[in-house]
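Please look over the sequence and the model shown here before reading on. The paragraphs below go through helices, cores and backbone details in turn.

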Amino acid sequence: MSAPHKKTAGRSLLVTSAAALSSLALTAPVALAAPSPSPSASPSATPPANMSTVGGSRLGQAGTQVNLASGVPVLPKDVTARSWIVTDAESGDVLAAHNAHWRLPPASTMKMLFADTVLPKFAKTEKHKVVPSDLAGMGAGSSLVGIKEGESYTVHDLWLGVFLRSGNDAVHVLSAMNKGVAKTVTEMNEHAEALQGLDTHVVSPDGYDAPGQVSSAYDLTLFARSGLQKKDFREYCSTVTAKFPGETKKDKKGKTVRKPFEIQNTNRLLSGDYDISQYQGIAGVKNGNTTNAGATFTGVAERNGRVLLVTVMHPSEEEHNEVYKETAKLFDWGFKAAGKVQPVGELVPPKGAAQSSGQPGDSGEAGGSGDSAGSGSSAKPVASATADGGSRGMGTALGITGGLLVLLAGAAFLVNRRWPLPDLVRRRSSRP
């Protein structure tokens, strides 16, 4: 299948009224978190009676939570996922949810937390030569991008492997650069707690099935929202295709060559497939699939100035691309319901958000490049952006005007740090 036509532009997603978002300043106490995860790797088919109430008491209740009223569209009836959540990415409002805090195996959606934790640590131009120990400990049947021992890769290459091919080999190499898997797992757990992702327990940084490794639709949405405030994160998760370095070999003439090969994003709402179209306004984020987790997915999309995050975990219907089809249905509902439906909860800010300085550059990019604009600065939208290293990205569009740091409810939690998502909604009309 040929890669879909890709054009980029950008827009700034601003919160214009901090007072209207005052509830975001309320941090949920740790005491409201659900009990520690059980060591079992296989989830029950029934949600627990007691779930976390972080973000609101209704989010701790089993079953579907939505405030249906006159003018609010009815939720799609054929969503079979064990857990899902529809949220407004800007305000943090939870528009509807189903077992939002159910602790389930996350599969490769855990890589969002991995990226949000590790991505700021290394410049994308930094190179690393892979040694055998870098690739040790990967689970059998892991998804791979094709990293070879003895070859050198840039950090940029490795992140493309993580986001596009969900490469566990790329995760393990980056973890090795971060002084090991154990250290990386510890930092991921600490970061999850700081983001108030209290349903999450990390065992393996790549999301591979492991006893006790769990997250929730609520937490995965928090991780996506945090990651999307980083420019590099947005770029990688929205890139459809890229060139990845191949293995060094000798050609027929005896000359040493290293030819790249093309990789394509496995997020089917972004890349499309024979039975599903590229979703209008889609801009990432991350998919996953393992034996215990089933299919999982968190996506972000923009339409008519509204940006939504949807997370779907473990559909019981096992049709091809079912997780994407159910996500698309929830996106469709969310875009119709936004502005009409009363929220049932909220995405809470990180712990200690009120203590953040809120200065430009606080939310560090990879290699320390900031994602902020000075007063009076501006940049024109990019009509057709190409990511570094030959990747065709949709997350590099700017379209930014100055003075866009927004402090919520008097706190310094930067929900939208300029968030220039790809402007696909006005460029594609394949969906109504």
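What follows is a walk through selected features of this model.

The model is predicted: local features need pLDDT of at least 70, side-chain atom pairs count only at pLDDT 80 or more, and totals for chains, interfaces and linings use all residues. Residues are numbered from 1 along each chain as its sequence is written, and side-chain values use heavy atoms, with hydrogens and water left out.

Helices (H or I, at least four residues) and strands (E, at least two) are DSSP runs, numbered from the N terminus. Lys111 and Asp116 are among them.

The axes of helix H2 (residues 155-165) and helix H3 (residues 168-177) come within 8 Å and cross at roughly 135 degrees. Axes here are lines fitted to C-alpha atoms, for helices over the stretch in contact, and angles run from 0 to 180 degrees between N-to-C directions. H2 and H3 are therefore oblique to each other; angles under 35 degrees count as roughly parallel, over 145 as roughly antiparallel, 65 to 115 as roughly perpendicular and the rest as oblique. In the contact (heavy atoms within 4.5 Å), H2 supplies Val155, Leu158, Trp159, Gly161 and Val162, while H3 supplies Ala170, Val171, Val173, Leu174 and Met177.

The largest nonpolar core has 63 residues, of which Ile147, Trp159, Phe163, Tyr218 and Phe233 touch the most other members. Such a core is a set of buried Ala, Val, Leu, Ile, Met, Phe, Trp, Tyr and Cys residues joined through side-chain atoms within 4.5 Å. H2 gives the most to this core, with seven residues. Leaving aside neighbours within four places in sequence, Tyr218 has contacts that include Val54, Ile85, His101 and Glu346. A second, separate core of 31 residues includes Val79, Trp84, Val323 and Phe331.

Some backbone details remain. Gly284 and Val285 are joined by a cis peptide bond with omega of about 20 degrees, and Val285 lies in strand E10 (residues 282-290). Asn99, in the loop between strand E3 (93-98) and H1, has a positive phi near 50 degrees without being a glycine. Asn304 also has a positive phi, about 50 degrees, and is not a glycine; its place is the loop between strand E11 (294-303) and strand E12 (306-315). Is each asparagine buried or exposed? Asn99 is buried, with a relative accessible area of 4%, whereas Asn304 is exposed at 71%.

Technical notes
Buried < 20%, exposed > 50% of the residue type's maximum accessible area, 1.4 Å probe, protein only.
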